[in-house]
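Subject: Structure for your review

Dear colleague,

Please find the structure below, handed over for your study.

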Amino acid sequence: MLTISKLIKKYNGKIILNEVSFVILKGQVVVLIGPSGSGKSTVLRCISNLEKYESGSVKAKGLPQTKIGMVFQHFNLFHNMTLIENLTYAPINVLKYNKKDAISIATKWLERVNLDNLKDTYPWALSGGQKQRAAIARTLCMDPEIVLFDEPTSALDPENVKEVLDVIKSLAHTGITMLIVTHAMKFAASIADRVLFLDHGELIEDNNAGNFFNSPSTKRARDFLNITSV
């Protein structure tokens, strides 16, 4: 469904991604992990067309860009709009839904993330976990076939992390294809079909989740897991 081929990305002449290639099948949940600065978020930004790249290709089997959703670290909600207005804005203005249908879809997803009682609340009045759950619901209102999660809990206080991870887990294996950048190893092990391990802009290991977390095939991945489990 999603094919990344020999992707090269540079910043000021420095190679950030070095011929990264992988394929994600429809409905798979794939976790992209690695040390900070390894290029994980850059991969997502290239897939979502937020970053240009020097060479290589990103092919999503003919899907329009609106079918690739992205959940950011810092929510990116409109603070002058209520939650229901945040969730209906793109369906009405991009997908050209009528307001009634957009509200119906938004209400469904707010219920799914346990925020339906806050639909008329402004983002500035919400906790970080509530904001991130709202951001996930907003992405899902666009009916994406692929959802990219860029470290969705990194900006949250510890008490808000579990509620967001539980929402993401509830979406796994429901037909939505998911690529998740995260530093939460226990979460990654519990949700992933596959793990992509990136280091210094290179894809070091592509393994099924069970094998990766129990017996990674590369020394670099073993060292990384030993450090992150401390």
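Predicted model: local features only at pLDDT ≥ 70, side-chain atom pairs only at ≥ 80, totals over all residues.

The domain assignment divides the protein into domain 1, covering 1–63 + 145–229, and domain 2, covering 77–143. Between the C-alpha centres of domain 1 and domain 2 the distance is 26 Å. On the side of domain 1, 14 residues are in contact with 13 residues of domain 2. About 950 Å² of area is buried between domain 1 and domain 2, and carbon and sulfur atoms give 69% of it. Within domain 1, the residues that lose the most area to domain 2 are Glu163, Val167 and Leu171, which together account for 40% of what that side buries.

Helices H4 and H5

Two packed helices are described by the angle between their axes and the distance between the axes. For helix H4 (residues 128–140) and helix H5 (residues 158–171), the axes come within 8 Å and cross at roughly 20 degrees. Because angles under 35 degrees count as roughly parallel, H4 is roughly parallel to H5. The crossing of H4 with H5 is right-handed. H4 contributes Gly128, Gly129, Gln130, Gln132, Arg133, Ile136 and Leu140 to this contact, while H5 contributes Asn160, Glu163, Val164, Val167, Ile168 and Leu171. Sorted by class, the contact of H4 with H5 holds 6 nonpolar, 5 polar and 2 charged residues.

Helices H2 and H4

H4 also packs against helix H2 (residues 83–93), at an angle of about 30 degrees and with the axes 8 Å apart. H2 is therefore roughly parallel to H4. Their crossing is right-handed. Leu83, Asn86 and Leu87 of H2 make the contact with Ala134, Ala137 and Arg138 of H4. In the contact of H2 with H4 there are 4 nonpolar residues, 1 polar and 1 charged.

Helices H2 and H3

H2 passes H3 in a right-handed crossing. From H2, the residues Leu83, Ile84, Leu87, Thr88, Pro91 and Ile92 meet Lys99, Ala102, Ile103, Ala106, Thr107 and Leu110 of H3. The contact of H2 with H3 has 9 nonpolar, 2 polar and 1 charged residues.

Yours sincerely

How values were computed: Residues numbered from 1 in each chain as written. Heavy atoms only, no water. Axes fitted to C-alpha atoms, helices over the stretch in contact; angles between N-to-C directions. Helix = DSSP H or I, 4+ residues; strand = E, 2+ residues; numbered from the N terminus. Parallel < 35°, antiparallel > 145°, perpendicular 65-115°, else oblique. Left-handed = near helix turned anticlockwise from the far one by under 90°. Contact = heavy atoms within 4.5 Å. Nonpolar A, V, L, I, M, F, W, Y, C, P; charged D, E, K, R; others polar. Domains from an automatic or database assignment. Buried area = accessible area lost by both parts, 1.4 Å probe.
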